[in-house]
Amino acid sequence: MSLPVEHDGIVVRHAPERHRYELVDGEDVIGHTDYRELEPHGTITHRDFVHTEVDDAYGGRGLASVLVQFALDDVRAAGLRIVPHCPYVAGWLRKHEGRFDDLVDWPA
């Protein structure tokens, strides 16, 4: 699991108890990308990303991209695979083609 990092004063962290990665400004969660853990045979194999959002007041700063990159790096470090049901995550993966191709199982 990745340790929290800071980006322009915003903390990026994994919140596994909430099944999401978060952007935090001070005490406020200002963005998150949510996932479901898939465990087809009793062992977690995938993080299925289902939703990403950033507070409008923080828009235009590239924070959603920072959040998703952090999350996907964490998935890689955990030895898991990615399923991108979230439109933002899917678009990010297409834009950064090649970076995580070895870990992605595209939804049918």
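Tutor: We'll take the sheet, then a helix, then the core.

Student: Anything to know before we start?
Tutor: This is a predicted model: local features need pLDDT of at least 70, side-chain atom pairs count only at pLDDT 80 or more, and totals for chains, interfaces and linings use all residues. Residues are numbered from 1 along each chain as its sequence is written, and side-chain values use heavy atoms, with hydrogens and water left out.

Student: What's the strand order in the open sheet of 6 strands?
Tutor: β1-β2-β3-β4-β5-β6, with mixed pairing. Strands are DSSP runs of E, at least two residues, and helices are runs of H or I, at least four, numbered from the N terminus. Two strands pair if DSSP finds at least two bridges between them.

Student: Which are the edge strands?
Tutor: β1 (5-7) and β6 (81-84), each pairing on one side only.

Student: In what sense do β5 and β6 pair?
Tutor: Parallel, over 4 bridges, with β5 covering residues 46-54. D48 stands opposite V83 in β6.

Student: New topic. Which residues of the largest nonpolar core touch the most other members?
Tutor: Y21, L23, F49, L72, I82, L93 and F100, out of 24 residues. Such a core is a set of buried Ala, Val, Leu, Ile, Met, Phe, Trp, Tyr and Cys residues joined through side-chain atoms within 4.5 Å. Buried means under 20% relative accessible area (1.4 Å probe, protein chains only).

Student: Which element gives the largest share of this core?
Tutor: α1, with 7 residues.

Student: And what does L72 contact, beyond four places in sequence?
Tutor: F49, I82, W92, L93 and F100. Contact means heavy atoms within 4.5 Å.

Definitions and conventions: Buried < 20%, exposed > 50% of the residue type's maximum accessible area, 1.4 Å probe, protein only.
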